[in-house]
Amino acid sequence: MDEQRAAAVPLTRAQRVLAGVGGLFFAGLAGLGGYGSFASVRDVAEPWFGGQAWIVPAGVDLGILALVSVALLLEWLAMPMPALRWMAFAFTAATVWLNVSAAHGDPTGMVMHAAMPVLFITFIEAVRHAIRRRAGIAAGTVREGVPLARWLLAPFSTFRLWRRMVLWQITSYPHALTAEQRRRHALALLDDHYGRRWRSRAPADVVWMLTDGVMLDQALARVTELTAPKPEPVEEPPPATTPAPRKPAQKAPPQKAPSEPPQEAPSRKAPRGVATDNEARALAILDAEPGITGAELARRLDISSRQGQRLLSRLNRPAPTHSS
């Protein structure tokens, strides 16, 4: 991540120079402190150790340096061992006590004997903090603190934020703020969609993820899917039907003219109501001129000679008689 990349950047030239100067000062402080406390601690230990009293200050000071060196190395390797650190503090406190005892209750002497060991331990703690911070950020194990102003302005929500950082190993405070904003956004969507009782109406896994602040990417995707408005169904137009090919209209069969009932041969004296116009005219002509020829009858009726002869023959045919 960004912090890990920043931790991997080597020190600048100015930073290396400043670290070198601080190292020289530390070496001088350790040398002077060890030389100053050596004689005081040796004098205090002489009644019990005699001529071997110098072993006590030498062993204590070397033990402190060894413990501090190993503790700093383990911090650098992201494998801190608190027991080494506290043991170094214990030996330093013993050295301070022995030096203070050499002052025989004089306050000025006690302060002078305690000053250099306290400076030594303070410098060691500063180096240890820098190493632990740089190595811890690179390894992702150092958690950033929450600003005091947030604790004062929103203590309850800040405590819940800090609790989630501790429980789920969120080391970056800006990342924790971003996650909290996304969580609250999802809660607002659920409250708007389900109402105040969204915890009992929303899916159980979504409620768990948002309550504990875990798997927020998946939780927000689920919430967006649940609260998204459903699209209205689009009415599709009915499919266009191609008109069936029109069959050619069938011609109605020609209606036969109703057959006329056979007409009986008319009698000269009896009227013929069923006769046609030509027949009626022909009967009138025959009544007036019984001996007229077929050609003459055809001429008067404006028909062909053959039709006139046939009409004349049919009209001159005697009517059939019925036997009793």
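This is a predicted model: local features need pLDDT of at least 70, side-chain atom pairs count only at pLDDT 80 or more; totals for chains, interfaces and linings use all residues.
Residues are numbered from 1 along each chain as its sequence is written, and side-chain values use heavy atoms, with hydrogens and water left out.

**Exercise 1.** Find how many salt bridges the model holds, and describe the one between Arg42 and Asp43.

Solution. Begin with the rule, under which a salt bridge is a side-chain nitrogen of Lys or Arg within 4 Å of a carboxyl oxygen of Asp or Glu. Applied here, this rule gives a count of 9 salt bridges. One of them joins the side chains of Arg42 and Asp43, with an N to O distance of 3.9 Å. Next, consider accessibility, where buried means under 20% relative accessible area, exposed means over 50%, and partly exposed lies in between (1.4 Å probe, protein chains only). Arg42 is partly exposed because its relative accessibility is 34%, and Asp43 is likewise partly exposed because its relative accessible area is 44%.

**Exercise 2.** Decide whether Arg128 is buried or exposed, and describe its salt bridge with Glu125.

Solution. The side chains of Arg128 and Glu125 meet at 3.4 Å, N to O, in a salt bridge. Both residues lie in helix H5 (residues 107-139), and because they are 3 residues apart there, about one helical turn separates them; helices (H or I, at least four residues) and strands (E, at least two) are DSSP runs, numbered from the N terminus. Arg128 counts as buried because its relative accessibility is 9%, and Glu125 is buried too, at 18%.

**Exercise 3.** Work out which parts of the chain are linked by the pair Asp205 and Arg222.

Solution. First, the closest N and O atoms of Asp205 and Arg222 are 2.6 Å apart in a salt bridge. The pair links distant parts of the chain, since Asp205 belongs to helix H10 (residues 204-212) and Arg222 to helix H11 (residues 216-227), 17 residues apart. Finally, Asp205 is partly exposed at 33% relative accessibility, as is Arg222 at 25%.

**Exercise 4.** Describe the surroundings of Ala135.

Solution. Ala135 lies in helix H5 and is buried, with a relative accessible area of 12%. Leaving aside residues up to four places away in sequence, Ala135 touches Glu75 and Trp76, where contact means heavy atoms within 4.5 Å. The C-alpha atoms of Ala135 and Met79 are separated by 9.6 Å, although these residues are 56 residues apart along the chain.
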